[in-house]
Amino acid sequence: MKVRDLLDRIKFACASPSDLAGKSVHPLFSNKNITQQLKFALDRYANFTKAFEDYYSWCVSPTTPAVEAPKDILRTGGLRFLVWYINGYAYPLNAASVNTTFGNYPVSLQGLPKWFLYWKDRINFFPQNSNGFQKTVLTEPLDFHGDVIKVESTNGFPQFHGRIQTDCEVIEYERKTETTFEGLKRGQNDTKRCRHNAGAMLIEHNVVAYYYRLHWGIDVNEDDVIDDLTLNREMMVSDDHLEIIADYTTFRLLQKIDAQRAAAYKVNFDEWLPQAKYEISKGRSDITNMSEIRPAYTFENSLAFWSEF
């Protein structure tokens, strides 16, 4: 369901007979009011069900002991696990306690990170990373709609589903050849797609987080207008769940002004959320518990779980 369709559903449910007949001068609720209540419902849904999975990535150098967590990560149990890429090989990282991290590494020691400690929006690596990241240079311009990046060399980059950055845009690629990255997903990490010139530096995002996120918000400008690009954007929620979220949003709006009309859209949201979580979980394999991976991999022997094929 698109944003436009969801908002139309909520507005129609909230409308009075005068609104529907076109006799009302002003709508009952502004776009800002509606989107605020909708975001409240979506955030409750996301935090309880963990419905929204996503990736976030960083370019981490040997001088970077920690990175900032994604801004849209869930506050509770949001970080599932991390993967560190070195020369095309992927090494999973385990979450660990303060005793395991600072206890084992009270001073700045460098090596292949085995654990991370997530605290107050910061992800710390232990031991500190001693490995660099890959770099290359664009040999041809990449326009706004381009889906292939041509570079000097892709040596050392992951063969499949890697992440790269040029200028201020983060891009995910599906596969690579010796001199191209193909199957692009532009504008990752909430960056904007843009044009890139030949000769621009391209760097590898060598650390990738698998995490649960909040639903993105719907921006409303000062004139209470939502732009067409946002209105035509697909919601991240399945249509059957959106119907209940829309009714809950309608109830929260109407109960402030007309309890009788609100009663028709009353939803026991707290009782429904466990059912929604169960329906979502049926399509997932339970391979990890939060961000702890079991069994632990033998990083001491420098064994990689995934490798470049």
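**Group meeting talk: a walk through the model**

K50 sits in the loop between α3 and β1. First, some ground rules. This is a predicted model, in which local features need pLDDT of at least 70 and side-chain atom pairs count only at pLDDT 80 or more, while totals for chains, interfaces and linings use all residues. Residues are numbered from 1 along each chain as its sequence is written, and side-chain values use heavy atoms, with hydrogens and water left out.

Back to K50. Its phi is near 50°, a positive value in a residue other than glycine. Most residues other than glycine have a negative phi. K50 is also buried, at a relative accessible area of 19%. Buried means under 20% relative accessible area, exposed over 50%, and partly exposed in between, with a 1.4 Å probe and protein chains only.

N189 is another such case. Its phi is near 55°, again positive in a residue other than glycine. N189 lies in the loop between β14 and β15 (201-204). It is buried too, with a relative accessible area of 13%.

One more backbone point. Which residues does a cis peptide bond join? F126 and P127, with omega about -10°. Most peptide bonds are trans. P127 is in the loop between β7 (122-126) and β8 (128-129).

Now the whole chain. It has eight helices and 18 strands. Those are DSSP runs, numbered from the N terminus: helices are H or I with at least four residues, strands are E with at least two. Of the 309 residues, 44% are buried. Take contacts between residues at least 6 apart in sequence: 68% of them join residues at least 24 apart. Contact means heavy atoms within 4.5 Å.

Next, helix α3. N31 is buried, at 13% relative accessible area. Leaving aside neighbours within four places in sequence, N31 is in contact with K11, V220, D224, V225 and I226. Q37 is buried at 19%. Not counting residues up to four places away in sequence, Q37 touches T249, R252 and L253. The C-alpha atoms of Q37 and T250 are 8.5 Å apart, though 213 residues separate them along the chain.

On to helix α8, residues 269-281. Its 13 residues reach 18 Å from first C-alpha to last, close to the 18 Å expected at 1.5 Å a residue. That expected span is 1.5 Å times one less than the number of residues. Which residues of α8 are buried? F269, W272, L273, A276 and I280. They cover an arc of only 110° around the axis, so they are on the same side of α8. The arc is taken from the directions from the helix axis to the C-beta atoms. An α-helix has 3.6 residues a turn, so residues three or four places apart point the same way. What do the buried residues of α8 pack against? Against α3 (31-49) and α6 (239-254).

Last, the largest pocket. Its volume is about 810 Å³. A pocket here is an open set of points on a 1 Å grid over the protein atoms alone, where a 1.4 Å probe fits, with protein on both sides within 12 Å along at least five of seven lines; lining residues have an atom within 4 Å of a point. The lining has 23 residues, and G187, D190, T191, K192 and R233 lie nearest the centre. β1 (53-58), β14 (185-188) and α5 (228-231) each supply at least two lining residues.

Technical notes: Points joined across faces, edges and corners; volume = space filled by probe spheres on them.
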